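I set out to record what can be read from the coordinates. The entries follow in the order in which I looked things up.

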Amino acid sequence: MVEFVGIAEIRDMLGGVSWARAGVIASRRDFPPPYQVLKMGQIWRRTDVERWIREHRPDLAE
């Protein structure tokens, strides 16, 4: 089963950074592209975000 996350979950996965900081990180060129853009916002595959965190923020990897 594929799990999806939005910016709120990404914020938590990044250790509780601010909403603005989470948005900046999600806009980086090296951040995974969103799986889909909905009216409520963008969503990403959880596994893509977890991989990015392991590679770019290993201190936060679970």
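**Entry 1: Charged pairs**

I began with Asp 59, which counts as exposed at 58% relative accessibility; the classes are buried under 20% relative accessible area, exposed over 50% and partly exposed in between, with a 1.4 Å probe and protein chains only. The model is a predicted one: local features need pLDDT of at least 70, side-chain atom pairs count only at pLDDT 80 or more, and totals for chains, interfaces and linings use all residues. I numbered residues from 1 along each chain as its sequence is written, and side-chain values use heavy atoms, with hydrogens and water left out.

I then looked up the partner of Asp 59, and found a salt bridge with Arg 57, the closest N and O atoms being 3.7 Å apart. A salt bridge here is a side-chain nitrogen of Lys or Arg within 4 Å of a carboxyl oxygen of Asp or Glu. Arg 57 is partly exposed, with a relative accessible area of 27%.

I took helices (H or I, at least four residues) and strands (E, at least two) as DSSP runs, numbered from the N terminus.

I asked where Asp 48 is found. Asp 48 belongs to helix H3 and is buried, with a relative accessible area of 17%. Arg 51 forms a salt bridge with Asp 48, and their closest N and O atoms are 3.3 Å apart. The two are separated by about one helical turn because they are three residues apart in helix H3. Arg 51 itself is partly exposed, at a relative accessible area of 39%.

**Entry 2: Sheet**

I traced an open sheet of three strands in the order S1-S3-S2, with antiparallel pairing; two strands pair if DSSP finds at least two bridges between them. Strand S1 (4–5) and strand S2 (36–38) are the edge strands, each pairing on one side only. S2 and strand S3 (residues 41–45) are antiparallel and pair over three bridges. Which residue in S3 stands opposite Val 37? I found Gln 42 there.

I also noted that H3 lies across S1 and S3 and runs at about 75° to S3. Axes are lines fitted to C-alpha atoms, for helices over the stretch in contact, and angles run from 0 to 180 degrees between N-to-C directions.

**Entry 3: Nonpolar core**

I looked up the largest nonpolar core, which has 13 residues. Those with the most contacts inside this core are Ile 10, Leu 14, Phe 31, Trp 44 and Val 49. Helix H1 (7–13), helix H2 (19–26) and helix H3 (46–56) each supply at least two residues of the core. By definition, such a core is a set of buried Ala, Val, Leu, Ile, Met, Phe, Trp, Tyr and Cys residues joined through side-chain atoms within 4.5 Å.

Lastly I listed the contacts (heavy atoms within 4.5 Å) of Phe 31. Leaving out residues up to four places away in sequence, Phe 31 touches Ile 10, Ile 25, Ala 26, Trp 44, Val 49 and Trp 52.
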